[in-house]
Structure formats: C-alpha cells, structure tokens
Amino acid sequence: MLTFVAPMAKADWFALNMTRGITDISNEVFELHMLIFWICVAIGVAVFSVMFYSIYAHTKKKNPVPAKFHENHKLEIAWTIIPFLILIAMAVPASKTLVKIYDDTAGDINIQVTGYQWKWQYQYLEDDISFFANLSTDLDEIYNLVPKGENYLQEVDEMVVIPAGKKIRFLITANDVIHSWWLPAFAIKQDAIPGFVNTAWTIVEEPGIYRGRCTELCGKNHGFMPIVVKVVEQDEYDEWVLNKRNEAIKLAELTTKDWTAQELVSRGQEIYDVNCVACHQVSGQGITGIFPALAGSDIVMNDKERNIEILMEGVQGAAMNSFSYLSEVELASVITYTRQSWGNAEKGDGEIVIPKDIVDYKEPKI
Amino acid sequence: MSAVIENHHEDHDHGPAKGITRWLYTTNHKDIGTLYLWFSFAMFLIGGAMAMIIRAELFQPGMQIVEPEFYNQMITLHGLIMIFGGVMPAFVGLANWLVPMMIGAPDMALPRMNNLSFWILPFAFLILLSSLFMEGGAPNFGWTFYAPLSTTYAPPSVTFFIFSVHIMGASSIMGAINVVVTIMNMRAPGVGLMKMPLFVWSWLITAYLLIAVMPVLAGAVTMMLMDIHFGTSFFNAAGGGDPVLFQHIFWFFGHPEVYIMILPAFGIVSHIIETFSRKQLFGYSSMVWAMLSIAILSFVVWAHHMFTVGLPLAAEIFFMWATMLIAVPTGVKVFNWVATMFRGSLTFETPMLFAIAFVVLFTIGGLSGLMLAIVPADFQYHDTYFVVAHFHYVLVPGAIFSIMAAVYYWIPKWSGNMYDERLGKLHFWLSFVGVNVTFFPQHFIGLAGMPRRYPDYSLQFADWNMVSSVGAFLFGFSQLLFLFIVLKTVMGGKKATSQVWDGARGLEWTVASPAPYHTFSTPPKVD
C-alpha cells in the first residue's frame, strides 16, 4: 500500500514560522505576530523559571519545613495590573492594523470570488471575464500510483491573474456551503458564505505566483480546492484580458456548430472529470446514500427534459447544485457523456443533448 | 435521641446490591461516579482510536488508509466523542464521587435523577456511533457542525446526531442541576461558601455554565432539525435565513463549553499542588474570583471563533479586547499555583507530575490563545493547525492531564489500594513526551500554512506531520498502560491509609479508604 512513498523533494524542517508575505499588510501582520510571540515567550520564561526554581530548590529534601504564607495582597494586585498593561500594549497596534485591513473602498479591479463544492469561480466585474479554477493534481498522485509533483495539491487548471501595483478588491461569496478564501502571502482570509458578500483587498508590487487554500470545512474535497494567484505587469495583464475575451467569443460560436455524439462525448468526459466526478465517481455509481448513481438512472437513460432541468436548476434540499454557469456546449456535452456512458445508451433511449437544446431551455417560457 | 439516630444509621448501613442491578438501579453517588468514570474511559479509548486513524492517514502525503469522506466522519466523531463522551462525563464522575465527600453530604441531593442522567448517556453515544453504519455514513461536518454543510448538505444520519446531542444535553443539564442543588443545600454545618474546597467551587461555577448554555445548543440543533425536515430556513440563505446566525448561536454555547471543560481542572490541580507542596494554597479567594470572572467573560467572547466571517470592524475590536481580558484572571491562577509551590516542601508523585505538566502545558496553550486573539494575526492562524495545536494543548495536557492527575490522586480513596508508583511515573513520562511530540509540531505546520480538517496536504508539510503522527501513536498506546494501572489498582495492591497523602487536606481524607458505601450519614463537624 505504501510502495509509492512521496519523494520528499526537499526537507522542510525549517518551515516553522508564518510567512512574511509580500504586501504591506502581510508584513504588518507578520510583525504583530512576532511581537506577541516574543511577549508570550518572555511571559513563559518568567513564569516557568520561578516554577522550575521551586522544583529544583524547594523539594522536601532541601526544604523539609514548608513556608506558611498563603496570600500577599500587593503581589496579587501587581500580577493583575501588569498583565493588563501588557495586553493593552498588544491590543493597540493590533487594532490599528485591523482598521487598515477594513478599508473596503472599491478597487481598481474588482473580482468576485465564489466558492463551490469544490472549486473556485472568479468573475472580473469590469472586464466581464469568468472562469473556474479546479485542482489540477492528478488523482494518481493523490492515490500514490505515481510520484507527487512539486506543487502537489497546490496547483490549478487556471490561475487568477492580477496586475502588480493596482488595488485589487475581492468580493467573496459561496454558492453552496461555507468556504474560506485564504492567500497567506497577502494575509487575506475571508469566509465565503452563501447569501453574503465579504470583501478583502490587496496591492501587490512583486510579480510572481502565490498559492493558498480553502480553510473552512466544506465537505469531502475540502483539501482539494487550492487557490493560485499570478501577479503580472500591467501590459501582460492587458494581453491576458484580451485573450480571455477572444476565447469567450470562440466558445459562443461553438453553440451553432453541428455536433456529433462522439464529439460531445469526448468533450463531455473532460467536463465530467472536472465537475462531476467528485460526487458521482468515475464509474457513475455515486456514493450510496449521499450521491445518487448516474449509471442506470432512469432520468439519465430515458428523461432528457428532466436531465437538462436538473443540471440547470439543481435539486432542492440535496447536494446537487445548479450548473447553469457552464456554457451551453459544456452542458450539452457533459449530459450527453452521462447518457452515453456506463451502458446507459444501450439500456435507455440513447438520445443525445446538443447545445441548441440548452439554448432552447434558456428561452423564456410563456 | 442519640439511640434513635444510631438505629436509623444501622438500618441504612448496608452495602451495595448484588449483581448487575447494583449498577442499573443505583442511586449511590459513588457508584454513579464510578459508572461515569468508566464510561468516559471507554469513550476516551474509542475517540482515541479515531485519532489514531486520523494521524495514520496524515503520516505522509497522499491518501493511504481512508477516503476523504470517511476522514471527515472521523474528525467529527473524534471531536464529539472526546468532548461530550470523554472529558465532560469524566468531570461529572469526579463531581459525583468528590463533591458530597468534600462538603460532608451523605449523597447527591437528587439521587434518582442522578441515575437517570447517567443511564441515558450510553444510549446517546450508541445512537451517535451507530450512524457509522448507516447509509451515507456518520456525521461528516466537523464537531462544530456549521450550517448549511450540516443541514442541506448533510448525510441522512444528521437526524440521529441531533437526537443524540439532545440526550447528551439533557444528561448534562440534569447533572448540573444536581451539583448546584447539592452544593447549595447539603454542605455540612460550618462549610461556608468561601470555605468550600476549590474543586467544589469550580464545579458550582461549571454547573451554572452548563445550565446556561446547554439549552442554547439544544436550540441550535432543533433549528437544524426544522431546516432539514420541516421546511424552515433559519440557516438557509436561499430561504431568507442566515448561515452566520448558526455560528453565533453555536459559539454562544461553544465558548462557555470550553470553560466547562477546564474549570473543574483548575479545581483539581489546585488541590494536588497544595497537597504535594505541603503548603496552603496561595490566594484562595483570588482563585475563586478568577474562576467567576473567567465564567462571566466566557459569555462575551464567542465571536473570536468567527473573526473571518466578515464581522463589522467594531465587533472585531470588541471581541479582540474582551478575549484578551480573559488572560488576566487566567494569569492570576497560574501565578497562584506557582506561588503555592514557592518555598513549599515538594515531592513528585504521579498526581503532582501530571499537575505540574498541566500548569506548564496549559499555560503554553493559553499563550497561543492570546496570540489567536490578535485579529489581524488570527487572519493567518484561523482554521489552521496552529488552532489545532492551541486547543489540543488546553484540552489534552490541560483537561485530560487533570483528569489523570485526579484519578491517581483519589484512586486510593476510591479503591482502598495504592497504585503502582513506578508504572504511574512511566505512564506520565510516556504521555508527557507523546503529547508534546504530537502537538508542538502542529504549531509549525499551522504557521507554515496547513489548514485543519485536511485529509491530505502539500509536500512542504510532510516532515512535521510525520513527527506529529509518531507522537500521537506514542501517546495513544501509552493510554493502554493507564488502563492496566487502573485495573491493577482496583484489583489489589498496597492498602491505602485514610489520609493517603501526608499533605492532603479536606473531608474526603477523614473517611476510611476505600470510602465506605455511605459516608457522612451524620454531618461531620467542621470548624
């Protein structure tokens, strides 16, 4: 079972402390952390040295007759007041930093971050860009069948790209359960809560790739929805925005193309592997009692209308959410994939769903 | 007159009933105390076995032993069982054994309710554990069961979980009322409030906390039940509800709950340090006032568990300052313990070793708690292994070490036999090393950026996770030695005197060892 032990790329015995991060705020947070850490060390050393002195010097052997004292009002008042003053000395700078963090004026670029089970959606509000970031680590690495890569569990299929030197504001929310968007290098951790929009902001001067994680238990794949942000210079950012827009136009054109079942199935499998496999499993068998099987499901085999409806609207009171945020092509191909796989086509009506069906579904119904 | 009392006394001077009915029908505080203690020991081993599964999975990166789905069930049950099945019943068991003997009362005030409050507990945990075998598995949303993960997205077994939490709550509330009524009404003449042993004080305060907050927990799970089965939307944003409301309610229960699990420990440790320092406890009245302040403050700090949910700035600042304030009375307690030891005449029997380790390691947990109160820094600590390290430091070498210290300290009184001192010390050192090797590296893992409740992790966290797992196995398997020592003591050993420890004070040391089935049928004389 343990034959494929992870090759320890490098020992990390020295990964002992908080990251200093790369923003002004993260530096301030780091300084606060170190300040209070050293205060705690000092308190600990003072208290424990008195205690260890007693343990050493006041044993029954060395001090057979114990002292009689059992109170001392001056001492007691002193050790109530002094800690109080130390606490104020810690709380004042902490409050000041907090006020800075709570500046929630609009950014130069505003990005809505939405947590899903188990991926993040990023919508650039000004530029009309939207995409999902999924874990890109291979399942075989997770199950120890192949050696683990350098960025094991902290790599995604699409990074968030932001320009250096601009104020970026994140508007953080969730679609299903509570998630939490954490990027240590920016010292940002904000819970993503359905029905709420929390804000966080940053200005990063240094281009680079920064990695973070989901920090609120959100179900089975909580540990498998990392965050990767790529900070680039302004001109590179502009180019990226242009590319993303062109991509969107090309995707829209695909809706009118004539699709064969085979094309839809092969495209659908990719989408299934990213969006559906966590619950419904590779085998389409789901997990008994929580996630229904798609293989042999009557809806998937025989009821095309309901099948589309479930994908578009979700199932109320269950873990199945609406996937209407996928494109028409993606929806049609993933539905077709499930209707053609695991013997469903042979046992059911074998009908495929084309992008046009989804477009029709979206038409206002009168 | 005296003859009448003598006769009356004789009538009741019988031993326990024979066979299983002794335990089923008993209304004797000592029997019920024993039942609670064995029950909590069983739960401690079950919850511990789950911790072993968790640490085995985290031994190295990659999924090896369990699936993420099952991993989440393990962390959830581990937390619930250790808190509601391990620590809390152990303290109730100690209260049952000790409170009546310490205040010179013949029994608890409400003995039949006492029987009921114990005997519903095994059913609560049978229901909870049976959920492991249900379709969809056991609760998998963490012991904090945040909605909507625990409502809309929960496995069907959540309904059984809610039922079992209700039973646990009923048991705790009954136990707490019993303690309050006993202490308020049944103290022997001369035992004034400010003369009560600190363990009794700590439990009086704990009992009031329990009565105040267990109904809040019951309210939270009932609202969940309504959301799941009756179409309400308390916690469902889509229906106009508020997922953050759940966290406010939960932590309004949850923070006092933390002190419910540590105040009795303060009482125990005060007695043990006093005994083995052979010197009167320093600052008795400031100890009482410190516990009262901690208890009152515990109601105004709950949102420090929620600094990242997007509270308004004013709320963040209020809860930061209020939380830091708790460090003052807690500090007073630590200083008092150190001052009690200072210029005492110290010996280091097993209970004292556990008590000293308690003071040192609980203080470390307290100091990391102070760090967590600093909101901007908490944005980096929150929900990482730093938090896991923090609360395990206050709960394992805190609450659990105090319980072990109490068992070693009072078991001669309970069983009439001395425990094996050499084995006791071995158990202490194995536990002490195990606990620190397990939890100290978790500070590093957390600061380096590993979130809690992760079944798998990136490679930079691998080294210290492996160390932590090794420590956990050492700590875990050492507890089998504890079981062995307790069994060996109960079955025989050197006979204990009534005084047991030369420096011990208090009414429980005036009765024979083992304590007779009925003690203080006539109240003792206390000056």
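This is a predicted model: local features need pLDDT of at least 70, side-chain atom pairs count only at pLDDT 80 or more; totals for chains, interfaces and linings use all residues.
**View 1. Overall dimensions and make-up of chain A.**
Chain A contains eleven helices and ten strands, and its C-alpha trace extends over about 95 × 50 × 45 Å along the principal axes. The radius of gyration of chain A is 28 Å, whereas a compact globule of 366 residues would have a value near 21 Å. Of the 366 residues in chain A, 38% are buried; among its contacts between residues at least 6 apart in sequence, 66% link residues at least 24 apart.

**View 2. The contact between chain A and chain B.**
Chain A brings 90 residues to this contact and chain B brings 83 residues. On the side of chain A that touches chain B, at least two residues come from each of α1 (24–57), α2 (73–101) and β7 (188–192) of chain A. Sorted by class, that side of chain A comprises 53 nonpolar, 26 polar and eleven charged residues.

**View 3. The nonpolar cores, with the surroundings of F358(B).**
The largest nonpolar core holds 251 residues, and V269(B), F358(B) and A405(B) are those with the most contacts inside it. Once neighbours within four places in sequence are set aside, F358(B) is in contact with A265(B), V269(B), P397(B), G398(B), F401(B), S402(B) and A405(B). In soluble globular proteins, nonpolar side chains tend to be buried together.

**View 4. The contact between the two domains of chain B.**
Chain B is assigned domain 1 (22–245) and domain 2 (262–516), and the C-alpha centres of these domains of chain B are 19 Å apart. Their contact involves 38 residues from domain 1 of chain B and 41 residues from domain 2 of chain B. On the side of domain 1 that touches domain 2, α3 (29–57), α4 (68–103) and α8 (198–229) of chain B each provide at least two residues, and α4(B) gives the largest share, eleven residues. The residues on that side of domain 1 of chain B are 28 nonpolar, seven polar and three charged.

**View 5. Helix α6 of chain B and its packing.**
Within helix α6 (residues 121–130) of chain B, the residues L121(B), A124(B), F125(B) and L128(B) are buried. Viewed down the axis of α6(B), the buried residues lie within an arc of 90°, and they therefore line one face of the helix. An α-helix has 3.6 residues a turn, so residues three or four places apart point the same way. The buried residues of α6(B) pack against α3, α4, α5 (111–119) and α7 (158–185) of chain B.

**View 6. Two cis peptide bonds in chain B.**
The bond from A147(B) to P148(B) is cis, with omega near 0°, and P148(B) sits in the loop between α6 and α7 of chain B. S513(B) and P514(B) are likewise joined by a cis peptide bond, for which omega is about -5°; P514(B) belongs to the segment after α18 (462–491) of chain B.

Most residues other than glycine have a negative phi. W342(A), which is not a glycine, has a positive phi of about 55° and occupies the loop between α9 (328–340) and α10 (344–347) of chain A. W342(A) counts as buried because it has 20 C-beta neighbours inside 10 Å. For F520(B), also a residue other than glycine, phi is positive and near 50°; F520(B) lies in the segment after α18 of chain B and is buried, with 21 other C-beta atoms within 10 Å.

Definitions and conventions
Residues are numbered from 1 along each chain as its sequence is written. Chains are lettered from A and ligands numbered from 1 in the order in which they are written. Two residues are in contact if their C-beta atoms, placed from the backbone, lie within 7 Å. Helices (H or I, at least four residues) and strands (E, at least two) are DSSP runs, numbered from the N terminus. Ala, Val, Leu, Ile, Met, Phe, Trp, Tyr, Cys and Pro count as nonpolar, Asp, Glu, Lys and Arg as charged, and the others, Gly among them, as polar. A nonpolar core is a set of buried Ala, Val, Leu, Ile, Met, Phe, Trp, Tyr and Cys residues joined through C-beta atoms within 7 Å. A residue is buried if 20 or more other C-beta atoms lie within 10 Å of its own, exposed if 12 or fewer, and partly exposed in between; C-beta atoms are placed from the backbone. The radius of gyration is taken over C-alpha atoms; the globule rule is 2.2 Å times the number of residues to the power 0.38. Domain bounds come from an automatic or database domain assignment. The arc is that of the directions from the helix axis to the C-beta atoms.
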